[in-house]
Amino acid sequence: MDSTLSRTSHPPVFLPDVPHERKKILVAGPLGIGKTTAIRAVSEIPTLHTDETMTTAAAGTDDVSGHGPRDKSTTTVAMDFGRLTLAQAGVILYLFGTPGQERFRPVWNGIAEGALGAVVLIDTERLDASFEVMDRIEERRLSYVAAVNTFPNSRVVDPGTLRSKLALAETTPLVFFDARDKNSVLDVLITLAVHLIEFPGDVR
Ligand SMILES: Nc1nc2c(ncn2[C@@H]2O[C@H](COP(=O)(O)OP(=O)(O)OP(=O)(O)O)[C@@H](O)[C@H]2O)c(=O)[nH]1
Ligand SMILES: [Mg+2]
């Protein structure tokens, strides 16, 4: 496998001069659910990615058939990284995207170290795939937002039903978004920031 540490090319934005809190945030979820896409969409700096081409050798393991778009050709093997300043809240979010595959679990643990909160991506067509990720986040006692990435083939499930199927705590925010849309991802992160302020250091 060739190593591809890639960066996106838009111009960098420098850190603000005024003091800000810095928070490490995980963007987690199962394979091909839009983690890399979301970080790329919202980051104010050129993002760092470690995506590799998916080959037929992984066909039995990295199965995205029937889930999400069929044009997915790469997968994250280590992490994604981006940054976002929420100036009004006085917070800088450092966004770490986790790899989706189980076999990269040791890398996942390293990336999660020191994180304050998480966005867990959900696809209504494969809720169970996100359970395991939510468990891992909860084991780490991280507050999180459950964020449903709406794919064209995803069935529409009302929030109440979804909350109960996902067994979300009453206070855990559940939001619907589009990982390709900057403002949509921004809304998710603002929801998380507000949640972290309301429930600091709590598993919700
Ligand atoms: N239609 C649609 N396509 C999306 C959306 N989000 C992501 N995609 C596409 O879905 C594919 C997979 O997205 P990625 O961002 O690579 O997913 P990932 O979670 O990083 O995947 P892994 O790193 O392999 O776990 C890409 O082709 C994206 O363009 C969405 O909201 N709608
Ligand atoms: Mg990825």
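**A friendly note on the predicted model**

1. Arginine 141 sits in the loop that links α3 (127-139) to β7 (143-149); helices (H or I, at least four residues) and strands (E, at least two) are DSSP runs, numbered from the N terminus. Arginine 141 is not a glycine, yet its phi is positive, at about 55°. Most residues other than glycine have a negative phi. The relative accessible area of arginine 141 is 55%, so this residue is exposed (exposed is over 50%, buried under 20%, partly exposed in between, with a 1.4 Å probe and protein chains only).

2. A word on conventions: this is a predicted model, in which local features need pLDDT of at least 70 and side-chain atom pairs count only at pLDDT 80 or more, while totals for chains, interfaces and linings use all residues. Residues are numbered from 1 along each chain as its sequence is written, chains are lettered from A and ligands numbered from 1 in the order in which they are written, and side-chain values use heavy atoms, with hydrogens and water left out.

3. Alanine 167 also deserves a look: it has a positive phi of about 55° without being a glycine. This alanine belongs to the loop between α4 and β8, and it counts as exposed because its relative accessibility is 59%.

4. Proline 173 is found in the loop between α4 (159-166) and β8 (174-177). With 16% relative accessibility, proline 173 is buried. Beyond its neighbours within four places in sequence, its contacts (heavy atoms within 4.5 Å) are Tyr144, Val145, Ala146, Arg163, Thr191 and His195. Threonine 191 is 18 residues away along the chain, and the two C-alpha atoms are 7.4 Å apart.

5. Asparagine 149 is part of strand β7 and counts as buried because its relative accessibility is 4%. Its side chain reaches the backbone oxygen of isoleucine 33 at 2.7 Å, and a polar atom of that side chain lies 3.0 Å from the backbone nitrogen of alanine 179. Not counting residues up to four places away in sequence, asparagine 149 touches Ile33, Gly34, Ile122, Ser154, Phe177, Asp178 and Ala179.

6. Finally, look at strand β2 (residues 21-28), where six of the eight residues are buried. Strands β2 and β5 (residues 91-97) run parallel and are joined by seven bridges; two strands pair if DSSP finds at least two bridges between them. Valine 27 has glycine 97 as its bridge partner in β5. Strand β2 also pairs with β6 (residues 117-122) in the parallel sense, over four bridges, and there leucine 26 is partnered by alanine 118.

Definitions and conventions
A polar contact is a pair of N or O atoms within 3.5 Å; within protein, one must be able to donate a hydrogen and the other to accept it, and residues adjacent in sequence count only if both atoms are side-chain atoms.
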